[in-house]
Amino acid sequence: MRLDRLDLTRYGRFTDARLEFPAPASGAPDLHVIFGPNEAGKSTLFCAWLDLLYGVPLRTRYDFLHPGPTMQIGAKLTHAGGVLEAVRLKRNGPSLQDGNGQALP
């Protein structure tokens with residue numbers, strides 16, 4: 001699986017933020033390094049990635065700007081079977097959806 005894009009639609013201090021990870025040139029290494037000054041959002045980005053994968057915890061420190069039920073993280077993932085657009089919402093029950101709003105397991 002490869003992360004092509006991470007969307008911080010409503011997460012932490014970010015609103016409609018998008019981070020693209022372009023595919024490497026043929027034969028080049030597939031590595032991206034994220035760096036920046038303190039308080040730039042590096043840790044928030046990492047936590048958003050984990051929350052996308054495993055779900056937003058009931059109590060999160062990233063709901064101070066966007067209240068819990070409105071939080072949303074999205075991603076474009078490439079895998080052996082193709083491409084998947086996914087969105088994670090903060091809610092009880094099925095919170096991971098595909099690009100059409102259908103629940104994903």
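Tutor: Two strands pair if DSSP finds at least two bridges between them. The model here is predicted, so local features need pLDDT of at least 70 and side-chain atom pairs count only at pLDDT 80 or more, while totals for chains, interfaces and linings use all residues. Residues are numbered from 1 along each chain as its sequence is written, and side-chain values use heavy atoms, leaving out hydrogens and water.

Student: What do E1 and E2 form, and how many residues lie between them?

Tutor: They make a hairpin with two residues between the strands. In that turn, glycine 12 has a positive phi of about 60 degrees. Strand E1 (residues 2-11) and strand E2 (residues 14-20) run antiparallel, joined by six bridges. One place to look is arginine 5, which stands opposite glutamate 20 in E2.

Student: In what order do the strands of the sheet come?

Tutor: A general idea to begin with: in a regular strand, side chains alternate between the two faces of the sheet. Here five strands form an open sheet, ordered E2-E1-E3-E4-E5, with antiparallel pairing. E2 and strand E5 (96-98) are the edge strands, each pairing on one side only. Neighbouring strands are turned by 20 degrees against each other on average, direction ignored; axes are lines fitted to C-alpha atoms, for helices over the stretch in contact, and angles run from 0 to 180 degrees between N-to-C directions.

Student: Which strands does H1 touch?

Tutor: Contact means heavy atoms within 4.5 Å. H1 packs on the sheet and touches E1, E2, strand E3 (72-79), E4 and E5. The direction of H1 makes about 100 degrees with that of E1.

Student: What is the volume of the largest pocket, and which element gives the most to its lining?

Tutor: On a 1 Å grid over the protein atoms alone, a pocket is an open set of points where a 1.4 Å probe fits, with protein on both sides within 12 Å along at least five of seven lines; lining residues have an atom within 4 Å of a point. Grid points are joined across faces, edges and corners, and a volume is the space filled by probe spheres set on the points. The largest pocket has a volume of about 280 Å³. Helix H1 (42-54) gives the most to its lining, with four residues. Among the lining residues are Leu3, Phe21, His32 and Trp49.
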